Amino acid sequence: MKKIGVLLLALILMNGCAQNPQPTNEEPEVSEPVEETVELVENSIYVTPTNPTNAYALAYNELSAAIEANDHQAIAESLVKCFAFDFYSLQGKTDENDVGGLTYLPDDRAEEFKSYATAHYYQNITDIVNEYGETSLPLVSAVEITSTTEKTINYLGVDFSGYEISANLSYEKTMVDEQTLKTSITASVINMGGETPVYVIIAVV
């Protein structure tokens, strides 16, 4: 299992010694600050993301820190954040079969979930690229946990301790209408590892 900054505008006006200065056609220099990449903190349970956004990387680092602290609720909440960043972001995906978030699901549910996601969400990749271009593919910019309820959840006939967690999703602005995107989710998360917590998401609505 497994970020704009300040735009610096430098305008240099050159004045000659002559009474009639010559006009210049030079464009003003524009310099944009480079966002420093967040360094990922790995853990022993979940696959380390490849080329995540800084927001996703921070969520994954929260997950690693929660595992280190053995904080069950923080693990579950960070897990939902990581899933949302990875699954609902289509930017960076190679095609409709490159489904994100599967590392946060149980192995026996991943293939079924991938088939459903391909047919109902990821199949939009080609249409969006053809109409608006790759830069308009949805990209999750923030995930906010709105509620967490501890509860016993039945999965495959077995009761597990877990949480029902709701979250709101925000996206980078693109040509795609955000009203067509999934902006709130509720996930069922269970602990399949006993005393050593190994949380997985078994359902998302």
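Me: In this predicted model, rings of Phe, Tyr and Trp pair if their centres lie within 6.5 Å; which residues form one aromatic cluster?
Reply: The model is predicted, and by this rule the count comes to 13 aromatic pairs. One aromatic cluster is formed by Phe83, Phe87, Tyr88, Phe113, Tyr121 and Tyr122.

Me: Are the rings of Tyr46 and Tyr104 stacked, edge-to-face or tilted?
Reply: A pair of aromatic rings is described by the distance of the centres and the angle of the planes. Planes under 30 degrees apart count as stacked and over 60 as edge-to-face, with the rest as tilted. The centres of Tyr46 and Tyr104 lie 5.9 Å apart and their planes stand at 45°, so the pair is tilted.

Me: How many residues apart are Tyr46 and Tyr104?
Reply: Tyr46 sits in the loop between strand S2 (29-31) and helix H1 (54-69), whereas Tyr104 sits in the loop between H2 and helix H3 (107-122). The pair therefore links distant parts of the chain, and the two are 58 residues apart.

Me: Which strands stand at the edges of the open sheet of four strands?
Reply: The order of the strands is S3-S4-S5-S6, with antiparallel pairing. Two of them have a single partner strand each, so one side of each is left without a neighbour in the sheet, and these are strand S3 (140-155) and strand S6 (199-204).

Me: At about what angle to S3 does helix H2 run?
Reply: Helix H2, which spans residues 72-88, lies across S3, S4, strand S5 (184-191) and S6. Its direction relative to S3 is about 125°.

Terms used: Residues are numbered from 1 along each chain as its sequence is written. This is a predicted model: local features need pLDDT of at least 70, side-chain atom pairs count only at pLDDT 80 or more; totals for chains, interfaces and linings use all residues. Side-chain values use heavy atoms; hydrogens and water are left out. Two strands pair if DSSP finds at least two bridges between them. Contact means heavy atoms within 4.5 Å. Axes are lines fitted to C-alpha atoms, for helices over the stretch in contact, and angles run from 0 to 180 degrees between N-to-C directions. Rings of Phe, Tyr and Trp (its six-membered ring) pair if their centres lie within 6.5 Å; planes under 30 degrees apart count as stacked, over 60 as edge-to-face and the rest as tilted.
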